[in-house]
Every structure is written in structure tokens, then in C-alpha cells.
Amino acid sequence: MSHSSLEQHRAHWPYPRIIAHRGGSSVAPENTLAAMRAAKQNGCRGVEFDVMLSADRVPVLIHDETLDRTTDGNGNVAETRWQQLAALDAGRWFGAAFAGEPLPSYADAARLCLDLGLWANVEIKPAAGLERETGRIVASMSAQLWRTAPVAPLLSSFSTDALEAAAGTAPELARGLLVEAIPSNWRETLARLSCVSLHCEFRHLGVQQVGAVKDAGYALLCYTVNEPEKARELFGWGVDALITDRVDMNP
Ligand code: G3P
Ligand code: MG
């Protein structure tokens with residue numbers, strides 16, 4: 001990302017302020033195309049979702065390292081090939097109405113975002129040991145998939161190795177650092193990775209920290225905020241955007 005573009009992000013938050021968590025996980029199964037459609041139908045303009053690599057290095061949407069909770073398969077995502085993943089049911093666990101909903105590839109999810117006009121916060125969610133490879137592949141595919149789009153996605157991760165690899169592969173794509181509580185070395189880490197944003201768990205956040213992060217010129221996001229009253233308070237503190245399961249939230 002060029003210096004001027006970084007400054008632009010720091011001056012103001014150019015993306016939606018309400019972002020559907022895992023695609024929109026209160027009304028449809030998380031990390032599916034159905035969730036994104038539901039988010040759009042409920043008026044959301046942005047979605048967050050988790051991207052992990054299959055055994056044959058195809059990026060797919062899933063949160064857990066194992067398939068058991070959110071699909072009818074089992075075992076590790078990173079040890080299962082895409083052809084097998086593509087045949088799984090990722091909807092029935094959530095409700096009979098979603099039976100047959102597939103586990104999407106990242107490419108399919110990106111195309112749907114572009115079709116629906118949804119902005120994307122792509123969380124790079126590497127399986128253990130695949131941090132750099134996941135960062136590289138997701139960044140390179142993101143640059144390709146959004147090459148003609150008016151607004152590029154924001155790549156975020158808890159893994160600093162994944163973010164470093166993403167920065168090396170597609171430096172022009174904006175990056176955000178995910179944390180639970182804000183660590184004492186946040187300034188150094190954000191600077192080292194040329195991030196534009198810090199994404200923290202809202203329960204650990206205090207108003208003074210918001211001021212410090214904003215004064216340093218970074219965007220601040222909170223997850224996973226499902227109470228409108230809390231959302232209003234956080235926006236009042238100066239938080240830029242919220243990641244929520246409540247796709248209908250209008251604080
Ligand atoms: O990106 C915010 C949030 O999704 C991080 O937590 O575990 O839901 O991916 P998790
Ligand atoms: Mg996530």
C-alpha cells in the first residue's frame with residue numbers, strides 16, 4: 001500500500017461500520033454463501049469471514065480447524081482435499097432449511113461479495129503451521145479476485161506471520177491486526193506490518209485505549225458486538241466499525 005493510501009485510511013474509515021460476523025451467523029450458517037445473502041437482505045453492506053487452506057491448498061471458508069462442528073464431515077480441514085470439502089453439507093447443522101448448503105471456496109465467496117456489492121473483511125485463519133502459506137495464498141488470490149473492483153477487501157489475522165506474508169505478497173491490500181485484549185506492543189506490531197487497523201474483542205476495551213489507537217492514526221474495530229446499546233457506546237468512544245452476529249442491528 002502506498003504512503004498516501006495508508007494516510008487516507010488513517011484519516012477516516014472508508015468501509016461499512018456494521019460488518020456481519022462469519023458472513024452473518026445469527027440468521028444462517030456461518031461462513032456460507034447463504035449467510036452472505038442473508039446479511040445483504042438484512043441491509044448489511046460488509047461481511048467478515050474466515051479463510052483456511054485445504055490439503056491441496058485451496059482457500060475455503062471455515063472457522064474451526066476441524067470439520068466436525070459446522071459440516072457433516074469430520075477431521076482436519078488442512079488434511080482434507082477440496083474435492084471432498086466441496087461435497088460437504090455446511091448448513092444442516094444450523095437448521096433443516098439450510099440442508100445442502102455447501103462449504104464455499106474463497107473464490108466463490110469473493111464472487112458473491114462482488115455480485116451483491118458487499119465489502120469484505122477477509123480473516124486469514126491459518127491452520128497451525130500454515131501461517132505464512134495461508135497469508136501468501138489468500139493475499140495473492142485477493143489481489144486477483146478484486147482486481148477490477150472499486151473497493152478492495154481488508155485482510156485481517158490473529159497471526160502476525162500470516163499478515164507479514166500477506167504484506168510481502170500483496171502490499172497494496174489493506175491489513176488489520178486481530179487481537180483479544182490490546183497488547184502492550186500494539187504500536188510496534190501495527191507499524192511493522194503496515195496495518196491500517198486494529199480489531200479487538202470489545203469486552204477488553206477501555207475508552208482511553210480507543211483514544212490512544214485513534215491518536216496514533218489507526219482504525220479501531222470491535223468484535224463480536226451483538227447488543228445495540230453496547231454498539232452505541234463503542235461508537236460514542238470513537239470505534240470505527242463493529243463486527244456483529246446481529247445482521248439486523250441498527251444502533
Ligand atoms: O474478525 C473478528 C472475529 O471473527 C474474530 O474471531 O474467532 O470469530 O474468527 P473469530
Ligand atoms: Mg473471524
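Me: Axes here are lines fitted to C-alpha atoms, for helices over the stretch in contact, with angles from 0 to 180 degrees between N-to-C directions. How do the axes of α2 and α4 cross?

Reply: This is a predicted model, where local features need pLDDT of at least 70, side-chain atom pairs count only at pLDDT 80 or more, and totals for chains, interfaces and linings use all residues. Residues are numbered from 1 along each chain as its sequence is written, chains are lettered from A and ligands numbered from 1 in written order, and side-chain values use heavy atoms, without hydrogens and water. The axes of α2 and α4 (residues 106-116) come within 10 Å and cross at roughly 15°. Helices (H or I, at least four residues) and strands (E, at least two) are DSSP runs numbered from the N terminus.

Me: Parallel or antiparallel, then?

Reply: The two helices, α2 and α4, are therefore roughly parallel. Angles under 35 degrees count as roughly parallel, over 145 as roughly antiparallel, 65 to 115 as roughly perpendicular and the rest as oblique.

Me: And what about α5 and α6?

Reply: Helix α5 (residues 131-145) and helix α6 (residues 160-169) have axes that come within 7 Å and cross at roughly 40°. This pair, α5 and α6, is therefore oblique.

Me: New topic: which residues are around ligand 1?

Reply: Those with a heavy atom within 4 Å are H21, R22, E48, D50, H63, E123, K125, F158, L178, Y223 and I243.

Me: Which side chains have a polar atom by an oxygen of ligand 1?

Reply: Among them, an N or O atom in the side chain of E48 is 2.6 Å from a ligand 1 oxygen. For H21 the distance is 2.7 Å, and for R22 it is 2.9 Å.

Me: How much of ligand 1 does the protein bury?

Reply: The protein buries 91% of the 290 Å² that ligand 1 exposes when taken alone; these areas use the Shrake-Rupley method with a 1.4 Å probe.

Me: Which peptide bond is cis?

Reply: The bond from Y223 to T224 is cis, with omega near -25°. T224 belongs to the loop between β8 (219-223) and α9 (228-237).

Terms used
Polar contact = N/O pair within 3.5 Å; in protein donor to acceptor, adjacent residues only side chain to side chain.
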